[in-house]
Amino acid sequence: MKTLVAFAFTAALACATAQAALPHLSKQGSTQQLIVGGKPYLILGGELGNSSASSAEYMRTHWPRLKAMNLNTVLAPIEWDLVEPVEGRFDWTSVDELLRDARAHDLKLVVLWFGAWKNSMSTYVPSWVKRDQKRFPRVQVASGPSVEVLSAFSSEVRDADVRAFAAFMEYLRRVDGEKNTVLMVQVENEIGMLPIARERGAVADKLFAGPVPAELLRKFPGAKSAGSWAQVYGDADAGQEVFTAWHYARFVEALVVAGKKRYDIPMFVNAALNRTGRKPGEYPSGGPLPHLLDVWKAGAPSLDFLAPDIYFPNFSQLAAKFNRADNMLFIPEANNATNSQGPANAFYAFGELDSVGFSPFSIESLGDAPNALSRSYEVFAQLTPLILENRGKARMGGFRALIEEDGTVSDAPVKKVLGGFELNVTFIDPWTPRDKQTLGDHGGMVIWAGREDFWFAGQGITVTFKGVGEGPPLVGIDVAEEGRFDSSGKWSAGRRLNGDQTHQGRHIRLPPGNPQIQRVRLYRYR
Ligand code: DGJ
């Protein structure tokens with residue numbers, strides 16, 4: 001008996017140890033760390049264009065380029081149609097090739113399960129699903145022809161997707177459970193109902209007339225504490241969208257539960273964001289959008305987090321909505337890779353919003369390194385240990401020129417109080433002609449290293465200082481120097497910046513177009 005208990009204990013311990021070794025999230029301060037191989041990990045990522053990973057030959061020349069761009073992680077789709085061409089018969093060639101090539105280039109992966117829905121549509125489902133509308137019903141819109149969108153209310157659709165996803169996760173555990181090349185899995189892609197706020201048809205209508213589930217009401221109260229969807233959330237588009245979000249979330253929950261049972265690594269969904277003033281259905285209704293995050297949290301509690309795809313110019317405001325106590329920020333699609341605002345957005349996301357990663361879309365379409373993104377990733381790679389140590393501890397800040405949804409770029413400076421000092425950051429570079437500056441590309445970050453010491457990184461920012469609280473109010477620059485962290489993490493100082501480079505002690509300047517790191521020690525005087 002004793003031996004049996006000891007054996008069971010050892011087995012449980014081994015299982016718990018293996019589990020702890022898998023990629024997982026772990027709380028740190030106000031956020032979570034992504035733990036990989038027992039250590040925190042920061043994603044310097046890029047997402048492949050949709051069709052690229054379906055051909056290893058197409059990707060052959062891109063892998064070394066991605067590595068040269070200083071990426072450490074590639075986001076790549078796994079397509080249901082490729083892995084289950086015949087029902088119940090799986091072909092893992094595309095998965096094997098992806099793992100093989102990522103490993104050969106020392107890159108990690110975040111994989112995107114293109115299952116029942118990709119951008120609202122159902123084009124990545126296998127032929128045997130596409131061609132059998134009877135068994136796999138599509139969304140009913142009020143009138144007109146059918147749409148290529150599978151119904152979220154069909155148990156056949158859900159169960160087929162669940163079976164395929166579970167088989168994939170089981171396979172992944174077998175082939176990657178030890179190497180952990182795959183860090184996380186995105187479930188489906190940009191879910192949301194088009195072109196109407198909610199699905200119609202007998203099943204959907206009946207559910208809409210039924211009661212709102214109590215677990216949703218607790219997390220997302222409506223006008224009434226019980227009743228039908230129309231009674232609680234209203235019959236207008238907004239109420240219908242809540243219904244849509246709930247049912248998509250429940251569908252995803254089934255996948256996540258089944259997937260994690262096979263292989264328990266972090267899983268998330270991504271949102272196609274909505275422009276102000278647009279109606280649900282004009283944008284993908286019911287996706288994991290800022291105004292529906294709580295609906296999704298209630299409906300899919302097994303998801304680790306919800307993530308924004310940000311193609312609109314007001315990056316900082318949109319990203320901030322996903323950085324919550326119950327939601328770690330990660331941006332799987334941070335605009336197109338060619339967008340020149342990418343580096344500034346990345347500095348803001350890592351510095352101000354504790355993002356665990358940043359990943360522009362269609363990364364392989366960016367020209368060869370060095371480019372603006374690769375230069376900033378080179379800086380982030382140097383700063384990674386410091387960023388990881390300070391995530392979630394309110395010891396970092398991020399700065400970028402504020403941009404409105406319509407693209408208007410503000411030239412207003414911003415302020416941040418950190419470590420007893422007030423930092424005033426301006427985005428207009430004092431030494432560059434104004435018509436040669438693109439303020440939207442200017443941004444940076446700061447890390448407080450304790451006492452009077454700071455690390456600054458970025459491009460196109462100029463910082464002045466004041467004291468806050470007790471003590472002498474004036475603040476000078478004791479030491480400012482540029483430099484770099486070597487591969488062992490040791491700081492190696494370059495030029496000491498006392499003269500024109502700091503305007504004779506008046507400011508810290510990180511010039512435009514050339515992301516860099518500066519070490520700064522301040523002092524107070526009267
Ligand atoms: C967002 C989607 O999530 C991507 O898969 C891709 O279709 C891009 N849009 C294209 O801009």
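This is a predicted model: local features need pLDDT of at least 70, side-chain atom pairs count only at pLDDT 80 or more; totals for chains, interfaces and linings use all residues.
Start with the charged side chains. The whole structure holds 24 salt bridges. One of them joins arginine 324 to aspartate 294, with the closest N and O atoms 2.8 Å apart. This pair ties together distant parts of the chain, 30 residues apart. Arginine 324 sits in the loop between helix 13 (315-320) and strand 10 (333-334), while aspartate 294 belongs to helix 12 (residues 293-299). Arginine 324 also forms a salt bridge with aspartate 326, at 2.9 Å between the closest N and O atoms.

How much of these side chains is accessible? Arginine 324 has a relative accessible area of 23%. Aspartate 294 has 25%, and aspartate 326 has 32%. Partly exposed covers the range between under 20% (buried) and over 50% (exposed), so arginine 324 is partly exposed, as are aspartate 294 and aspartate 326.

Now turn to a buried pair. Arginine 509 and aspartate 429 meet in a salt bridge at 2.7 Å, N to O. Their positions are 80 residues apart: arginine 509 in strand 20 (residues 508-510), aspartate 429 in the loop between strand 14 (421-426) and strand 15 (443-450). Both residues are buried. Elsewhere, Glu87, Arg135, Glu156 and Arg163 are linked in a salt-bridge network.

Next, the helices. Helix 14 (residues 342-352) packs against helix 15 (residues 372-390) at about 15°, with axes 10 Å apart. Angles under 35 degrees count as roughly parallel, so helix 14 and helix 15 are roughly parallel to each other. Their crossing is right-handed.

Finish at the surface. Leu474, Tyr523 and Tyr525 form a nonpolar patch with about 270 Å² of accessible area together. Tyrosine 523 lies in strand 21 (residues 516-525). Its relative accessibility is 36%, so tyrosine 523 counts as partly exposed.

Conventions. Residues are numbered from 1 along each chain as its sequence is written. Side-chain values use heavy atoms; hydrogens and water are left out. Patches are made of residues with over 30% relative accessible area and no salt bridge: like charges are joined within 9 Å, nonpolar side chains (Val, Leu, Ile, Met, Phe, Trp, Tyr) within 5 Å. Accessible areas come from the Shrake-Rupley method with a 1.4 Å probe; for residues, only the protein chains shown count as cover. A salt bridge is a side-chain nitrogen of Lys or Arg within 4 Å of a carboxyl oxygen of Asp or Glu. Helices (H or I, at least four residues) and strands (E, at least two) are DSSP runs, numbered from the N terminus. Buried means under 20% relative accessible area, exposed over 50%, partly exposed in between (1.4 Å probe, protein chains only). Axes are lines fitted to C-alpha atoms, for helices over the stretch in contact, and angles run from 0 to 180 degrees between N-to-C directions. Angles under 35 degrees count as roughly parallel, over 145 as roughly antiparallel, 65 to 115 as roughly perpendicular and the rest as oblique. A crossing is left-handed if the near helix is turned anticlockwise from the far one by less than a right angle, and right-handed if clockwise.
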